[in-house]
Amino acid sequence: MRKIEIIGLILFLVGMSVFTILPFSSQYRLSEEQLRSSVKDIHRDQLAELMQPMYGQTYTSTHSFLTAYSSYFKPYNDELKAKQAWDQVIWDDYGFVLAKAAMDGPSKTNPWASLGLSIGLIVLGGIMFNLGGNGASHESLTHTGVFHSSLKNKGLLGLLTGSYLILFYVILYWFPAYLAPLVWMVEPISQFLSGGPASQWFLYGLVYTLAIGVMGVRMLLKYRGNRYQQLRTASLIFFQTAFAFIIPEVLVLLNKPYFDFKNIWPLDYDFFYDYQLDTFISSGGLGLFMLVWGILLIVIGVPVFTYFYGKRWYCSWVCGCGGLAETVGDEFRHLSDKSIKAWQWERWMIHGVLALAVVMTALTLVNYFTSFSLLGQVTNQLHSMYGFAIGSAFAGVVGTGFYPLLGNRVWCRFGCPLAAYLGLVQRFKSRFRITTNGGQCISCGNCSTHCEMGIDVRAYAQQGQNIVRSSCVGCGVCASVCPRGVLKLENGPEEDRIHEFPILIGNDSIKLRA
Amino acid sequence: MGSRHFVIIGNGISGITFARHLRKGDDQARITVISGESPYFFSRTALMYVYMGQMKWEHTQPYEPHFWKKNRIDLLQDWVKTLDFETKILGFASGETLTYDVLVLATGSKPAFFGWPGQDLKGVQGLYTKQDLETMEAATSKPIQRAVIVGGGLIGIEMAEMLTYKKIPVTFLVRENRFWEQVLPEQEAELVQKHISAYSIDLRLQTELKEILADEQGNVRAVITTAGEEIPCEFLGIATGVTPNVDFLKSTTLAVGKGVKVNSYFESSVPDVYAIGDCAEFEQPPGPGRRTLEQVWYTGRMHGETLAHNFCNKPVSYQPGVWFNSAKFFAIEYQTYGIVRPDAVAGVPCFYWEHHLGKVSFRMEMDEAGKIAGVINLGFRLRHEFFDRAIREKWSGQQVIQRLEEGVFDPEFYAPYHLEIQNAFQDQFGVPISTSKQSFLQKIFGARL
Ligand SMILES: Cc1cc2nc3c(=O)[nH]c(=O)nc-3n(C[C@H](O)[C@H](O)[C@H](O)COP(=O)(O)OP(=O)(O)OC[C@H]3O[C@@H](n4cnc5c(N)ncnc54)[C@H](O)[C@@H]3O)c2cc1C
Ligand code: SF4
């Protein structure tokens with residue numbers, strides 16, 4: 001077992017190295033046809049002329065290619081801006097598509113080999129590592145050692161991993177051209193699934209899905225004796241693979257709008273954006289169905305399911321962000337901040353983001369129906385601000401990049417507007433609670449330590465109080481880590497769900513408020 | 001009443017619960033909590049998890065540091081060396097003094113040592129305090145060949161688990177002829193013994209420690225058992241029970257037996273001096289089947305609650321309800337509700353069921369009339385509220401088993417052990433039980449028996 005683990009680790013590291021080096025192994029040579037077929041009609045002639053000096057030139061790195069591109073493109077665009085010729089300014093960023101079109105290198109000539117040696121080895125090594133490591137360890141040691149690990153307790157390995165992830169997200173969101181070589185190696189898969197070229201988002205989706213799968217295997221093994229954990233892990237893998245990754249691509253293949261049927265506004269913050277609405281409305285029956293389905297999820301799905309099962313039905317059984325947090329992020333869960341201060345921050349921030357999303361969407365809709373007569377420009381700016389600050393920086397860079405530093409649910413706890421909505425329902429109108437088993441709690445603190453949402457579970461358990469908190473995603477790890485069998489996730493009658501005056505069983509002398 | 005100065009020696013669960021509840025009931029009181037061990041209240045029960053890297057020290061503290069200030073509970077880290085009950089002045093190791101109006105002794109326990117030759121050697125220790133944890137961490141920070149644990153009880157098995165985490169081979173000496181003989185019936189003890197042997201614990205029953213041998217540097221090198229066998233080891237854990245931590249009180253006028261003698265109002269022999277938690281010894285057992293020393297977590301908490309109540313309201317005597325407790329033996333959880341005697345008594349009906357994989361069991365002792373007296377469950381979880389009520393209301397064994405599904409506290413989708421238990425009870429006692437129906441989802445997705 002140990003051998004499999006070590007071989008797995010080596011393969012994983014080799015794969016990671018190839019994945020990291022590949023972007024540096026390409027060169028770029030742009031031709032006019034490439035340019036013409038990559039950009040929008042309206043910009044075609046302008047750009048074809050502007051980029052004249054680049055044709056036929058060889059650039060040996062992404063960086064030099066991009067620098068050259070900017071040196072021709074930026075002055076032109078800046079001048080238009082200076083002249084306030086807004087209708088001529090080019091807002092699109094063609095860096096990525098041009099880099100992709102102009103690129104030449106091993107990942108383009110040998111995509112399958114490149115893929116196998118990078119992501120393939122990562123997946124294979126990861127699975128072997130998990131099989132070897134978790135298959136061998138004893139059940140009673142399931143949660144041990146996390147604070148003795150450099151990776152899991154903010155040691156050097158943790159810092160390196162965090163930095164790598166942060167760097168990856170920064171490149172993905174703001175400098176995607178550097179990923180062009182990696183995108184080429186998933187091109188065949190994209191062509192197969194959707195019949196179209198791969199973008200950086202396709203690469204990201206694939207990596208994301210595989211990460212949940214590989215680390216999901218680890219969860220299934222780690223929780224060999226715990227059916228609740230296994231089922232919800234399987235569910236997360238399923239929804240990510242089918243709903244978030246494959247179905248949207250196949251829809252594109254069938255000439256339908258790209259759509260993730262399990263993504264819900266306001267997490268899916270552009271659901272009501274004008275171009276989305278236009279797409280739904282112009283795509284026939286299926287498009288309308290998507291629109292109605294999305295709205296039904298918001299107004300009926302969320303309240304009804306959350307009433308019966310708590311927000312866990314989404315956050316730790318269905319959601320893609322939850323999927324990554326519960327698999328890749330699982331071993332960082334104990335890093336969440338448990339202080340009362342953090343809880344105060346949490347309430348301000350998450351409800352603030354919800355308010356922002358609601359206001360932005362309301363404005364968008366008003367504008368949509370008044371054909372942008374009112375505040376059209378403000379709405380656009382709001383969209384790009386929200387997309388940048390919340391969609392990319394918060395959800396991506398901080399939410400995932402900071403796993404090894406702040407824990408795995410930073411986004412879900414402090415930022416996700418859908419979690420805020422689900423949480424309000426869970427707190428005020430739901431059958432879900434974590435029941436405390438009478439007077440059995442020994443205040444050891446395992447539950448609080450391992451709560452990814454930073455809930456001080458012990459504070460409730462030790463006074464015999466049920467845990468009813470808007471942030472609880474129902475992952476069930478508190479119940480699994482508790483050494484005294486004190487906690488149980490339950491759906492039950494609403495009455496008596498919240499104990500205002502909890503009474504601990506055991507003391508007949510007095511009945512008092514704990 | 002004015003503002004009396006309550007001084008509590010000991011910041012464990014009993015002393016702290018007392019202080020918190022006193023503050024809730026009395027806004028005026030001045031409250032000082034003293035401990036030499038640690039500045040803040042922490043959970044002794046979590047020491048093992050810190051050692052195993054499952055928690056950090058700060059996680060053992062149930063309240064954040066600002067809590068104490070906000071509730072005006074003064075904390076003092078020092079050792080009390082002298083007590084003068086006439087002048088009501090305490091003297092500290094630091095030389096400082098403090099005057100009290102009411103003194104609450106909540107000094108807890110300490111590991112019991114039985115005067116073995118060599119017991120003061122380096123590498124020989126119990127596990128009770130924060131300092132014990134630190135010495136144990138230091139003693140096992142470098143790889144060692146073998147450790148020996150003496151004493152077949154809860155702390156012994158925790159130490160064995162801790163050492164297993166560090167992959168240190170353990171020899172476990174137990175004087176009795178089974179593990180935790182005072183509490184566990186034979187079948188349960190055997191189940192646990194089998195389980196821990198899977199972790200390569202070398203369990204030696206009916207084996208006692210006789211002598212501890214030193215190397216040149218004064219470290220433990222080996223132990224000798226009463227059978228004369230020499231077992232080499234570089235660490236020796238002593239877990240032969242705990243005894244009230246009252247040595248510093250023995251030279252005073254306070255009545256001290258094993259612990260501080262108290263009545264059912266926690267009053268000691270000296271006016272304005274009370275004792276709660278592990279260090280209190282009741283003159284009479286506080287309830288049927290209870291002992292005069294109550295050395296578990298929740299009893300310390302209940303002592304503190306009750307005494308605080310008595311200072312704020314009309315005093316009541318301490319009356320614990322139905323006994324319960326829990327523990328964990330490596331991966332196997334143990335719970336008990338009510339009283340189950342470890343050795344079968346003739347004429348007393350007792351039901352026992354064990355799962356075929358040998359990791360889950362359920363026992364129910366009944367009285368002659370077939371009413372439930374108590375249960376022991378291993379490897380699955382039972383609901384405190386359910387069994388507290390069943391025992392209090394003296395349900396028949398048949399009724400308990402009939403309704404067992406309500407009494408199960410396992411996570412969703414766990415194997416429905418109650419079904420097998422219901423069948424086994426039916427077979428063993430020949431009474432009809434209509435077994436519970438499983439939900440559709442449980443049937444499809446639930447774990448199998
Ligand atoms: C490793 C371990 C695991 C355990 N697990 C469980 C469990 O799972 N379930 C359970 O029910 N119980 C368990 N227990 C027992 C439980 O922890 C004790 O019953 C409980 O802590 C006793 O609380 P207490 O308040 O009486 O005293 P303590 O917690 O012992 O606190 C007494 C404090 O007083 C201080 N003190 C003593 N004398 C002086 C002095 N002269 N001056 C200043 N300070 C002084 C001590 O240093 C100590 O800090 C466990 C105990 C140990 C050691
Ligand atoms: S893990 Fe269990 S026993 Fe420990 S504090 Fe939490 S609820 Fe209490």
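The model is predicted, so local features need pLDDT of at least 70 and side-chain atom pairs pLDDT 80 or more, while totals for chains, interfaces and linings use all residues. Residues are numbered from 1 along each chain as its sequence is written, chains are lettered from A and ligands numbered from 1 in the order in which they are written, and side-chain values use heavy atoms, leaving out hydrogens and water.

**Exercise 1.** State where ligand 1 lies and which residues are closest.

*Solution.* Start with the chains: ligand 1 lies between chains A and B. Next, take the residues near the ligand (a heavy atom within 4 Å of it). There are 31 of them, and the closest are Arg484(A), Ser14(B), Glu37(B), Tyr128(B) and Trp297(B). Then sort the shell by residue class: twelve are nonpolar, 13 polar and six charged.

**Exercise 2.** Find which domains of chain B supply the shell around ligand 1.

*Solution.* First list the domains (bounds from an automatic or database assignment): domain 1 (5–110 + 243–312), domain 2 (124–240) and domain 3 (324–448). Domain 1 and domain 2 of chain B each give the shell at least three residues.

**Exercise 3.** Identify polar contacts (pairs of N or O atoms within 3.5 Å) of ligand 1 with chain B, and the ligand's cover.

*Solution.* Begin with the side chains: an N or O atom in that of Ser14(B) is 2.7 Å from a ligand oxygen. Turn to the backbone: an N or O atom of Trp297(B) lies 2.7 Å from an oxygen of ligand 1, and one of Ile13(B) lies 3.3 Å from a ligand oxygen. Finally, the protein covers 95% of the 1000 Å² of accessible area (Shrake-Rupley method, 1.4 Å probe) that ligand 1 has on its own.

Conventions:
A polar contact is a pair of N or O atoms within 3.5 Å; within protein, one must be able to donate a hydrogen and the other to accept it, and residues adjacent in sequence count only if both atoms are side-chain atoms. Ala, Val, Leu, Ile, Met, Phe, Trp, Tyr, Cys and Pro count as nonpolar, Asp, Glu, Lys and Arg as charged, and the others, Gly among them, as polar.
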